[in-house]
Amino acid sequence: MSDSSAKAQTRDRRPRYDLLIIGAGINGAGFARDAAGRGLSIVLCEKDDLAQGTSSRSGKLIHGGLRYLEYYEFRLVREALKERSVMLKKAPHIIWPMRFVLPHSPEQRPAWLVRAGLFLYDHLGGKDDLLPGSRSLDLHTCPEGEAIKDEYPKGFKYADCWVDDSRLVVLNALDAARLGAKVYTRAACTKATRLADHWEIELTDTESGDITTLAAKAVINAAGPWVDKVLKGAFDQGGKDRVKLVKGSHIVLPKRYATANSYLLQNDDKRVIFVNPYEGDKLLVGTTDIVYEGDPDKVAIDEEEIDYLLGVVNRYFKIPYTHDDILTSFSGIRPLFDDAQDNPSAVTRDYVFDVSDTNDKAPLLSVFGGKITTYRKLAEHGLEKLAPYFPEMGKTWNETAPLPGGDMPGADFETFLKGLKRDYPWLEETTVTRYARLYGTIARQILGEAKRHADLGEHLGADLYAVEARYLVEHEWARSAADILERRTKLYLVMRDAEVERVEAWVAREVGEPRGVKTDAHADSVATS
């Protein structure tokens, strides 16, 4: 048999899919869920863990983007406000309303302009908006003014939503897998070759180095900050970068006020900073906006950003914070479409698609920009671009379909939580609440028939037991202690070093050696080259 014949037979044996999606941040996971639900065969690959990049380092808000109104981003704000209501119903366990207090600083914006912006914000979302409207506050007399200096007597209050960003990614990937998608983590797309009517793809396991080959009719490049790098590397495409990398950093501080409100603080550079309650007794403060030209894998907060964030907080809050108060910090890269704006804050947060093909076959769709709030609509609009290539693809379906764990009658989280507390009365209230928030109705699957703490297996630290960790390894692609403690549970914020080491030892025993993409727990075996 000739070499060419042998290669052709090898190609014929390679798994063939409708769609390969590169990048398992929120956009990639959203694409995978939507497309799998429309009947397409899907592979979702990610070079790291799910949500390890930007999608776990956001401000953790589902919001319309009040400040985007100043840049006339009315379409984006309207879409985001509508999606805010959609997402509240789809995932009430990881998304919930929050009230934001905006102390008025007349040096930045006159009161009438702020009030006009809030009025517009209240009404752009339409009649289906589930949140209360905005109102004015006397910060000297209302509880919301407790934390704010007396020199800011006037304020405003409005509503948006909190989201556990990395859980949102995981839940989309989990549902995509339920619908038939193959999800490969630690699997980088290192080579993509366009043939007559499909793509030939190489995935390289980033731990073992094993190479897996497969074929796909179409490819979506949703690699976020790495979108241009993927185009130039795996796809061997030259040209000007089309994504502007903007670094956003957050710090975590101890919470020193009693009210449950968040704060939106205006700075003298016309930017705004969010100060949000975080994991019970902490505050999440951010974000900065700095053009970034380094390696997205090595992004970190710098001293200037720390000084900037502390400076804004201390301008408004009665009790000052110092560097010594910072509990932890994180930085992420926003992969914004480069619209030639000099001011990073003015660069559009909207999304842009680029589609290329050969003779109406083997399309490549690249995604630039986007924000976590509008990921579902981004996926819908992206699949509309690919619809001509897949005439058999089903219609839009996922606006009302709950995400895993969100199937609570009436999307009533509080009633569900009461039932969970009733069924597991021996479990600490904080632990039951944490399970309900992270997993929703899946919490019952994890806890099962447990009647006491001993039924949960080895105690690994804080309120983490082996039964939960094992669920995360077997069902949610967790492969390391960081996967479990940072992106699945946030328990790294309360664990001591010795407890983290215990989790690391447990993972080493349970996960063992790198398994390679070909043995992913959620996927059928695929041929290796």
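This is a predicted model: local features need pLDDT of at least 70, side-chain atom pairs count only at pLDDT 80 or more; totals for chains, interfaces and linings use all residues.
Okay, let's start with the strands. E4, residues 95–103, pairs with E6, residues 154–163, in the antiparallel sense, and nine bridges hold that pairing.

Strand E12, residues 262–266, runs parallel to E4, and two bridges join them. Over there, valine 101 is the residue that stands opposite tyrosine 263 in E12.

Next stop, glutamate 305. You'll find glutamate 305 in helix H7, which covers residues 303–316. Is glutamate 305 buried or exposed? Its relative accessible area is 1%, and the cut-off for buried is under 20%, so glutamate 305 counts as buried. And what does its side chain make polar contacts with? One goes to the side chain of lysine 247, at 2.9 Å. Another goes to the side chain of serine 249, at 2.8 Å. Leaving out neighbours within four places in sequence, the contacts of glutamate 305 are Lys247, Ser249, Thr288, Ile290 and Ala300.

While we're around there, have a look at the backbone. The peptide bond from glycine 286 to threonine 287 is cis, and omega is near 15°. Threonine 287 sits in the loop between strand E14 (282–286) and strand E15 (290–291).

Alanine 362 is not a glycine, yet its phi is positive, near 50°. This alanine is in strand E18, residues 361–369, and with 2% relative accessibility alanine 362 counts as buried. Alanine 462 also has a positive phi near 50°. Where is alanine 462 found? In the loop between E19 and strand E20 (464–465). Alanine 462 is partly exposed, because its relative accessible area of 30% falls between the 20% and 50% cut-offs.

Leucine 456 lies in the loop between helix H11 (442–447) and strand E19 (459–461). Relative accessibility is 3% for leucine 456, so this residue counts as buried. What does leucine 456 touch, not counting residues up to four places away in sequence? Trp426, Leu427, Leu447, Ala450, Tyr465, Ala466 and Val467.

As a reminder, an α-helix has 3.6 residues a turn, so residues three or four places apart point the same way. After H12 comes tryptophan 477, and its phi is positive, near 65°.

Tyr72, Phe74 and Leu120 make a nonpolar surface patch of about 320 Å². Leucine 120 belongs to helix H4, residues 111–124. Its relative accessible area is 33%, so leucine 120 is partly exposed. Patch residues need over 30%, which is why leucine 120 can be included at 33%.

Terms used
Residues are numbered from 1 along each chain as its sequence is written. Side-chain values use heavy atoms; hydrogens and water are left out. Patches are made of residues with over 30% relative accessible area and no salt bridge: like charges are joined within 9 Å, nonpolar side chains (Val, Leu, Ile, Met, Phe, Trp, Tyr) within 5 Å. Accessible areas come from the Shrake-Rupley method with a 1.4 Å probe; for residues, only the protein chains shown count as cover. A salt bridge is a side-chain nitrogen of Lys or Arg within 4 Å of a carboxyl oxygen of Asp or Glu. Helices (H or I, at least four residues) and strands (E, at least two) are DSSP runs, numbered from the N terminus. Buried means under 20% relative accessible area, exposed over 50%, partly exposed in between (1.4 Å probe, protein chains only). A polar contact is a pair of N or O atoms within 3.5 Å; within protein, one must be able to donate a hydrogen and the other to accept it, and residues adjacent in sequence count only if both atoms are side-chain atoms. Contact means heavy atoms within 4.5 Å. Two strands pair if DSSP finds at least two bridges between them.
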